There are 2 protein chains.
Amino acid sequence: MYACTITSSRAIGSAPKGHRTLCADRRCAITVGDLGEFGVVARITGRLPQGESVLLGPGDDAAVVKAPDGRVVVSTDLLIEGRHFRRDWSSAYDVGRKAAAQNLSDVAAMGAIPTTLVVGLGMPADVPVAWVDGLADGFREECALVGASVAGGDITRSELVVIGVTALGDLGGHAPVTRSGARPGQVVAFAGRLGYAAAGLALLEAGLVPEGGPLLEAVEGHRRPRPPYACGPEAARMGAAAMLDVSDGFLQDLGHVAAASGVGITLDPTAFPIGEPVAAAAKELGADPVDWVLTGGEDHALAAVFPPEVRLPPHWTVVGHVVEGTKVQVAGRTTGLGGWDHFRE
Amino acid sequence: MYACTITSSRAIGSAPKGHRTLCADRRCAITVGDLGEFGVVARITGRLPQGESVLLGPGDDAAVVKAPDGRVVVSTDLLIEGRHFRRDWSSAYDVGRKAAAQNLSDVAAMGAIPTTLVVGLGMPADVPVAWVDGLADGFREECALVGASVAGGDITRSELVVIGVTALGDLGGHAPVTRSGARPGQVVAFAGRLGYAAAGLALLEAGLVPEGGPLLEAVEGHRRPRPPYACGPEAARMGAAAMLDVSDGFLQDLGHVAAASGVGITLDPTAFPIGEPVAAAAKELGADPVDWVLTGGEDHALAAVFPPEVRLPPHWTVVGHVVEGTKVQVAGRTTGLGGWDHFRE
C-alpha cells in the first residue's frame, strides 16, 4: 500500500490528478513515468543490499565483484513479458524470484556458488512503481538464498516488460562441471523438482486459479521455481562428471549431455517420483503426469552424471545410466526432443 | 547474398515456397524461425571466435572466464528496437558494433580492460538469418578492437528485437576509477568524440540519408560509436581521480560525477573542439553544434578528472575544472540536465 501523489497524466486509473491520497489498490499508483529513470533506479537500488562479494555496487559505469578463484562463471538470460511470464498470472515478486532463480541455477549447474546478478529492465512508463518494488524484492530474496547480490543494472523504456539477467559465480577452486564429461557406465541422477512448473502452467492455461492445496502448489511451482542451489557445488565436490540445469525439459536437456559427451543415456521412467501437486494437476486435467516430469521445463532441477562408485545423498534420485550410443532412451524407446524451442511452437 | 531454401511459411517475401534460389535481396531469406533456436545458436556461435580469456565458451549452462585480478568488472545494458536502434536506420552489423561498444566502453570507464561479453537476444521469428549473421559479425569485430570475446548468450522469441549485453573486464591490479573521486582543483578532460551521434541522429530524424562526406560521417557516428577504449586503462595508470563513459550527454554525465564526488564542475564551452561532421550537420539543419557536443549522448567518449599535475597526452582535451559547490556550470551559468532520461521525453 502506497501513499502517492498523482503527478502525471501517465498515471493509470481514475484518481484525480494532483490529488494526494492513500492507495488501497493499483488503480491509484505512482508509475515509473512519474518517477523518471533516475528515480526508479534510486528506488530499486534502495531495496537491494550489497553482499560481501560486491566491492563496488550500483551507481557507477560498472560494478566490481570479487572473483577469488581467478576465474568467473557467467550466464545470461532474457525474459520477455507474455513469453516467459504474464503480469496477470505472476506477481512482480514472483517474476523477480523466477528471473533470479533461473540464472542463479545456471551458475550452480557448473558447480559454482553464485555471487552476483546484474539486471537490465525495460518497461512501459505506465508500470506502477509498486510493481518495480515487488520485482526488486523478488530478486533480493531469491539472491539471499545463496548469498548473492544484485550489484547493478540498466533501466530503459520498452513496450513490454523485458528483463535481462546475468549471473556471476565462483568455482571455489573446483573445475567447472560441464555437459561433456559423461562416460558409459556412469549413473544419471537429479536433484530438485520435476513437472511442477509444467503442471502449474497447464492449470493456468486451462483457466484454473486454485486457492489452496496441491493444485495451488503446482501453480506456485510455475510462478516460483525452487532450484536446489547447494546441490550444484555439492555435485562438483562429489566428482560429478557432467551436470546441467533442467530448463527446457529433462529429456531435451539430457539430450544436450548425450550430444556433448558423445554417449547414449537410458532412463527408467518408473524411477521418477511424481510430486503430489503434479499428480493432482494431472488428475484435474486428465493429463499424464510423467509427460510433465520428462518434458516440462522451468523447474530448474539439476541433472548430473556421477561415476558409479559415488554414494549419493538421498536428495539425489538415480533415474538412469550412461551407455554407448547417441540417443536418450526411456524404457528402451528413443525419445523426441519434447522440450522447448523458442522459434518452433 | 545467400543461397537459401524457403522451408517455412514464416519466410518473408514473395519467393515460392520450397523453391531453391540464390537471393539478391532480403525478400528471399531464411528466417530464424526456419532455423529454430538451436540452429540460430549454432550459427551465431560459429561466427564468434573465443579469445584467450575464455576458459569455457558457448554451449554449456554458463561460460567460464579468466579473472586474473581476483576481481571482475561487470556492466549491463538493454537495447530495445525502436528506442535504441532502428533496423531501417542501422544495419545489423552496425547494431552489433554499437551494442558491443556501449558495454565495452562502460568497462573501460572503470579503468579496466574488457575481456568478455555475454549477449541475450530476443527477436521475432521472421527476422532473416542474414540479419543475425550481421549482428554477430558486428559484435565480433567491435570486441576484436579490445581483444574481448562473446563467450555466451541466450536466444528467445520477442515481438521486437531486444538485445541484453553484459560486459566483463579485468582491472589489472589497479583500483577502479569511480565517479566519486573528484576534488576541487582537479582538471576535467575528455577523450574520444562528442556530438557526432547526436548530429547523425538529427540528420536521420530530418529524413536525410547522406551518401558521403562529413554528413555521412555524422550518421556513421550515430550508427557506430568509436569509444577510445585504451584511454580508460591509460587514465587509471595516470592517476585519474574520477571517470565515466559519456552515454547520456556530457553535462548530465558530469553532473553524476559532481553529485557522487560532492563537488562543482565549471566548463569552458570554447574548449570543446567541434568535429567537422558535427559542424556540417549543424549548418545543414540550422542547429547549434555546441548543444550536441554538450548534451548529445551515445558517442561514448570518456570524461575524466585528473590531479592538476598530471601531464595529459594530446588525445585528452582539458575542458574545465573541479570547484567547490554542487553544480555543473558552463561559462558561469548553471545548466539543466540536458541529457537523456528514458521515462521523460
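The lining of the second largest pocket divides into 22 nonpolar, 14 polar and 11 charged residues. This is a predicted model. The pocket has a volume of about 1000 Å³. Of its 47 lining residues, the closest to the centre are A:Glu37, A:Val41, A:Gly153, A:Asp154 and A:Ile155.

Now look at which elements build this lining. Chain A gives two or more residues from each of helix H1 (32-46), strand S6 (113-123), helix H3 (129-144) and strand S7 (149-157). The largest share comes from S7(A), with seven residues.

A search of the whole structure finds one cavity of 30 Å³ or more. The largest cavity has a volume of about 40 Å³. By class, the lining has three nonpolar, seven polar and one charged residues.

Now for the aromatic rings. Over all chains, the structure holds eight aromatic pairs. Take A:Phe190 and A:Phe250. Their ring centres are 6.1 Å apart and their planes stand at 75°, so the pair is edge-to-face. A:Phe190 lies in strand S9 (residues 187-191) of chain A, while A:Phe250 lies in helix H7 (residues 250-261) of chain A, so the pair ties together parts that are 60 residues apart in sequence. Both A:Phe190 and A:Phe250 are buried. Together with A:Phe272, these two residues form one aromatic cluster.

Another pair is A:Phe306 with A:Trp316. Here the ring centres are 5.1 Å apart and the planes are at 80°, so this pair is edge-to-face. A:Phe306 sits in strand S12 (residues 301-306) of chain A, and A:Trp316 in the loop between S12 and strand S13 (317-323) of chain A, so the pair ties together parts that are 10 residues apart in sequence. A:Phe306 and A:Trp316 are both buried.

In chain A, A:Arg87 lies over the face of A:Trp131, at 5.7 Å from the ring centre. In chain B, the charged end of B:Arg86 sits over the ring of B:Trp89, 3.8 Å from its centre.

Technical notes: Residues numbered from 1 in each chain as written. Chains lettered and ligands numbered in written order. Predicted model: local features only at pLDDT ≥ 70, side-chain atom pairs only at ≥ 80, totals over all residues. Heavy atoms only, no water. 1 Å grid on protein atoms, 1.4 Å probe; cavity = no way out; pocket = protein on both sides within 12 Å on 5 of 7 lines; lining within 4 Å. Points joined across faces, edges and corners; volume = space filled by probe spheres on them. Nonpolar A, V, L, I, M, F, W, Y, C, P; charged D, E, K, R; others polar. Phe/Tyr/Trp six-rings, centres within 6.5 Å; stacked < 30°, edge-to-face > 60°. Helix = DSSP H or I, 4+ residues; strand = E, 2+ residues; numbered from the N terminus. Buried < 20%, exposed > 50% of the residue type's maximum accessible area, 1.4 Å probe, protein only. Lys NZ or Arg CZ within 6 Å of the ring centre and 35° of its normal.
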